[in-house]
Amino acid sequence: MPSPLITANELNALRSQGKPVIVIDCSFDLTNPAAGREMYQQAHIPGAFYVHLDNELSGPKTGFNGRHPLPDADLFVARLRALGVDEDSLVVAYDAQGSMYAARLWWLARWVGHGAVAVLDGGKAAWLAAGQQLEPGTTPDPETEGNLTRRESLVRTVDAASLVENLDRQALLVVDARAADRFRGENETLDPVGGHIPGAANRFFKDNLAADGRFKPADQLRAEFGQVFAGKPAADTVMQCGSGVTACHNLLAMEVAGLSDAALYPGSWSEWCADPKRPVATGSAQ
C-alpha cells in the first residue's frame, strides 16, 4: 500500500522532475477563520493554492448538521478542477497545524474517488526544515481547468441514525478524536453541550504525531490504535470528533498504519448534540 504521506524531499523531487503535482495549503484557525488565508499570503510553498475550511472543505450549515458538514461533492470536484487537478494529478495537501486540516482535504479527495492524494508529513515546518523556500502572495488559479471527474467513493460514512441504532448493539466502535477533557465533557468551548456519544472511545488526534510534528511510525500507530480498538477490526470502527475534521486525522494515521476501511461520522459531536433526544455521556468511561 503506498503511503498517504509524502516527505518534503519527495515532494521537491517530484516537482523538480515536472510531475503533475498540485499543492494545496489548508491552513486554518477555528477561532479566527481569516487567519489561515493570511498565513498563506504571508508565506506558502511556491506554487501552492489555498482552500478554506469553511468555504471550500465544508458545506452550508443548517444548525442541525454540525459545524463543518461535508461540501457538495460535485462542487468540491469542480473546485479541484479549477485548481488544475487532472485524473492523473497527485494532490498534496499541507497546513501549519499538525496536518489537521490537510487530512480533511485528503479524505475529501478520496470521498469523491481521487486516490492520488497525499499529506505533506510535518507540513510547512517540515518543508522549511528540509531547506526549502516559501513565497508570499497568492497563486492564481490556472487559466485551464483540470479534467478531474467524480468517481466511486474510496471511503465510507456513517450517519447519526445509524449510530443511534448502534447504541444498544455496539456492533461499531465509535472513536472520538477530541482532546480528553472535551471527551469527558469538560472545558467545552466550541459546542453548546459537553460530553461524548455513549460507548465511544477516545483517541486524541495529536497523539498521532511525534515531537517533530511528523506522524509516528506505522508500527507504533498500529499498536496504539490496536489498544483503542480492543479487538475490534478497523472496518468495525467509526471515527468522529467535534465537526468531522480532526476525525480525518485519525483516519489518515490509520491508513499510515495499514488499518483501512474505518468509516467517518461527518456530523460528529456538533451534529449529535444538536438533537436533545440523542443521549450524552460524560466522564472518561466509555
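Me: Happy to start with the sheet: in what order do its five strands lie, and is the pairing parallel or antiparallel?
Reply: Good place to begin! This is a predicted model, and in it the open sheet has the order β6-β10-β9-β7-β8, with parallel pairing.

Me: What makes β6 and β8 the edge strands?
Reply: Each of them, β6 (156-157) and β8 (201-202), pairs on one side only.

Me: How do you know that β6 pairs with β10?
Reply: Pairing takes at least two bridges between the strands. Two bridges join β6 to β10 (residues 263-264), so the pair meets that cut-off. Within it, T157 stands opposite L264 in β10.

Me: Which helix lies across β7, β8 and β9, and at about what angle to β7 does it run?
Reply: That is α8, residues 218-229. Its direction is at about 125 degrees to that of β7 (173-176), and it also lies across β8 and β9 (237-240).

Me: How many helices and strands does the protein have, and why is it called as compact as a globular protein of its length?
Reply: There are 10 helices and 10 strands. Along its principal axes, the C-alpha trace spans about 55 × 40 × 35 Å.

Me: What share of the residues is buried?
Reply: With buried meaning under 20% relative accessible area, the share is 52% of the 286 residues.

Technical notes:
Residues numbered from 1 in each chain as written. Predicted model: local features only at pLDDT ≥ 70, side-chain atom pairs only at ≥ 80, totals over all residues. Heavy atoms only, no water. Helix = DSSP H or I, 4+ residues; strand = E, 2+ residues; numbered from the N terminus. Contact = heavy atoms within 4.5 Å. Axes fitted to C-alpha atoms, helices over the stretch in contact; angles between N-to-C directions. Buried < 20%, exposed > 50% of the residue type's maximum accessible area, 1.4 Å probe, protein only.
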